[in-house]
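User: I want to learn how to read helices in a model. Can you take me through some?

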Amino acid sequence: MATQILICDDSALARKQMARALPAGLADDILFATNGEEALQILRGHKAELLFLDLNMPEMDGYQVLEHIRKEDLPVLTIVVSGDIQPEARERVRKLGAIDFIKKPTDTGLVTRLLEEYGFYRPGELETAALKDSSLRSSVSKAREISVSLNDYLQEIANVSMGRSSDLLARLLRVFVKQPIPKVAFIANSELHMAISAAQQGEAYSAVCQGFTGAGLAGEALLLFQDASFQEMAELLHYDVVEGEAVNVEVLMDMSSILFGAFLNGIGDQLDLKLGLGHPSVLGQHRPINELLEHHSKREEQLLCIEISYAIENRDIHCDMLILFTEDSVPFLEKRLEYLVD
């Protein structure tokens, strides 16, 4: 009898990719959960022996799921599958009982090796059994049943890219970066400031922008940095002087270099293209969000906006990154999605 497998991820694309990564013959009892609570209900019914678990989910994240599994002594082995590749994230999930960690996007060869290592899979045996029993369904056919929207696709590639930028920031500063859930939306230029959920009313921000282009893609990256965070960030960056306008600009440029570069390279790698980056420029300092984004308000174009709100654990440091794709980029992204999910 094949191992009963549960895949828990709020992203339809991630569930599809994980199911496809399973060896042939190991997917006849595959189950899916779209959130942590749904996964726990399945595990409490003893319906799965092996769990592939995402970390970054709404309501109940993967860390909380692991805590419940340990507290309730649920009989399941867990492999975490996440875009959050910070060393601290790996260490935390192991302490909570996960037997291993796989980074996104899923590597089929690595999945197979881990399943062999932990005794869930022996090459040839399950494939032969599956050929003899036409009622068994492969992981590929299971995956085809999952519908993936453009928003879901963009949210997942943003999640992986965010993991890269957070990992770089965490390693440079020796901190832990909290992982938000990326937000994806079509929005008019004139309404852009309303889309920034992390912005606090009455708070002052400073901003830097950087354009990018690629084959079929064009857009702009914006970093909105809360003024109250400047001094603490300067200290983490080990500046000799931590106050003053020149220091603030240096913080903006350093942060944009770290976050923009890693994030956009992550998107480029997943889309299989090279993104060219323009020169970063400061939009303004110590102003409300709507004033900083005023240069967008006079343009009529719709934008495809990805929002990432970064926060450093145990530090009063917050910044908001927006990746804005032009309308002309959408057909290219839709074609890439079709290719990816076929």
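**Reading the helices**

Analyst: Start where helix 1 begins: a side-chain oxygen of S11 lies within 3.3 Å of the backbone nitrogen of L13. Helices are DSSP runs of H or I, at least four residues, numbered from the N terminus. This is a predicted model, where local features need pLDDT of at least 70 and side-chain atom pairs count only at pLDDT 80 or more, while totals for chains, interfaces and linings use all residues. Residues are numbered from 1 along each chain as its sequence is written, and side-chain values use heavy atoms, without hydrogens and water.

User: Is helix 1 mostly covered or uncovered?

Analyst: Buried means under 20% relative accessible area (1.4 Å probe, protein chains only). Helix 1 spans residues 12–21 and is mostly covered, with eight of its 10 residues buried. Among them are L13, R15 and M18.

User: How do I describe two packed helices?

Analyst: Use the angle between their axes and the distance between the axes. Axes are lines fitted to C-alpha atoms over the stretch in contact, with angles from 0 to 180 degrees between N-to-C directions. Take helix 2 (residues 36–44) and helix 3 (residues 62–72): their axes come within 10 Å and cross at roughly 25 degrees. That makes the two roughly parallel (angles under 35 degrees).

User: Which residues of helix 2 and helix 3 meet?

Analyst: Contact means heavy atoms within 4.5 Å. G36, L40, L43 and R44 of helix 2 meet V65, H68, I69 and E72 of helix 3. These contact residues divide into four nonpolar, two polar and two charged.

Technical notes:
Buried < 20%, exposed > 50% of the residue type's maximum accessible area, 1.4 Å probe, protein only. Polar contact = N/O pair within 3.5 Å; in protein donor to acceptor, adjacent residues only side chain to side chain. Parallel < 35°, antiparallel > 145°, perpendicular 65-115°, else oblique. Nonpolar A, V, L, I, M, F, W, Y, C, P; charged D, E, K, R; others polar.
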